[in-house]
Amino acid sequence: MNTIRTTKQLALLLQGYRKEQQLSQEQAAERVGMSQKMVSAFENHPERCSIGNLFKLLSALGLELSLKRKADGSTDKGEW
């Protein structure tokens with residue numbers, strides 16, 4: 001399991017999964033009715049993308065999102 005604390009970490013992780021599956025941005029986008037530009041926008045500027053597009057991209061890559069509490073229970077805003 002990967003710990004993700006920033007939007008950039010999430011974008012890099014999803015880009016890695018896409019490349020691992022040997023999918024171009026266009027191929028991933030076509031799977032869920034997105035444009036290649038939307039995939040590129042997510043990978044380069046994830047902080048500007050919608051939650052809806054995140055879930056479309058997760059679906060295109062055969063992934064799901066799981067959440068868990070931080071081990072120390074902190075709510076430090078410094079990571080965002």
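Let's start with valine 39. Leaving aside neighbours within four places in sequence, valine 39 is in contact with Arg18, Gln25, Ala29, Met34 and Leu57. Contact here means heavy atoms within 4.5 Å.

A word on the basis. This is a predicted model, where local features need pLDDT of at least 70 and side-chain atom pairs count only at pLDDT 80 or more, while totals for chains, interfaces and linings use all residues. Residues are numbered from 1 along each chain as its sequence is written, and side-chain values use heavy atoms, with hydrogens and water left out.

Now the overall picture. The protein chain has four helices and zero strands. Helices are DSSP runs of H or I, at least four residues, and strands are runs of E, at least two, numbered from the N terminus. The C-alpha atoms fill a box of roughly 40 × 25 × 20 Å along the principal axes. Of the 80 residues, 25% are buried. Buried means under 20% relative accessible area, exposed over 50%, and partly exposed in between, with a 1.4 Å probe and protein chains only.

Next, the core. The largest nonpolar core has 14 residues. Such a core is a set of buried Ala, Val, Leu, Ile, Met, Phe, Trp, Tyr and Cys residues joined through side-chain atoms within 4.5 Å. Leu10, Leu14, Val39, Phe42, Leu54, Leu57 and Leu61 touch the most other members. Helix 1, helix 2 (25-31), helix 3 and helix 4 (51-60) each supply at least two residues of this core.

How do helix 1 and helix 3 cross? The axes of helix 1 (residues 7-20) and helix 3 (residues 36-44) come within 7 Å and cross at roughly 130°. Helix 1 and helix 3 are therefore oblique to each other. For the angle classes, under 35 degrees is roughly parallel, over 145 roughly antiparallel, 65 to 115 roughly perpendicular, and the rest oblique. Helix 1 brings Lys8, Leu10, Ala11, Leu14, Gln15 and Arg18 to the contact, and helix 3 brings Val39, Phe42, Glu43 and Asn44.

Is arginine 18 buried or exposed? Arginine 18 is buried, at 6% relative accessible area. The side chain of arginine 18 reaches the backbone oxygen of leucine 23 at 2.7 Å. Not counting residues up to four places away, arginine 18 touches Leu23, Ser24, Gln25, Ala28, Val39, Glu43 and Leu61.

Last, threonine 7, also in helix 1. Threonine 7 counts as partly exposed, at 30% relative accessibility.

Key. Axes fitted to C-alpha atoms, helices over the stretch in contact; angles between N-to-C directions. Polar contact = N/O pair within 3.5 Å; in protein donor to acceptor, adjacent residues only side chain to side chain.
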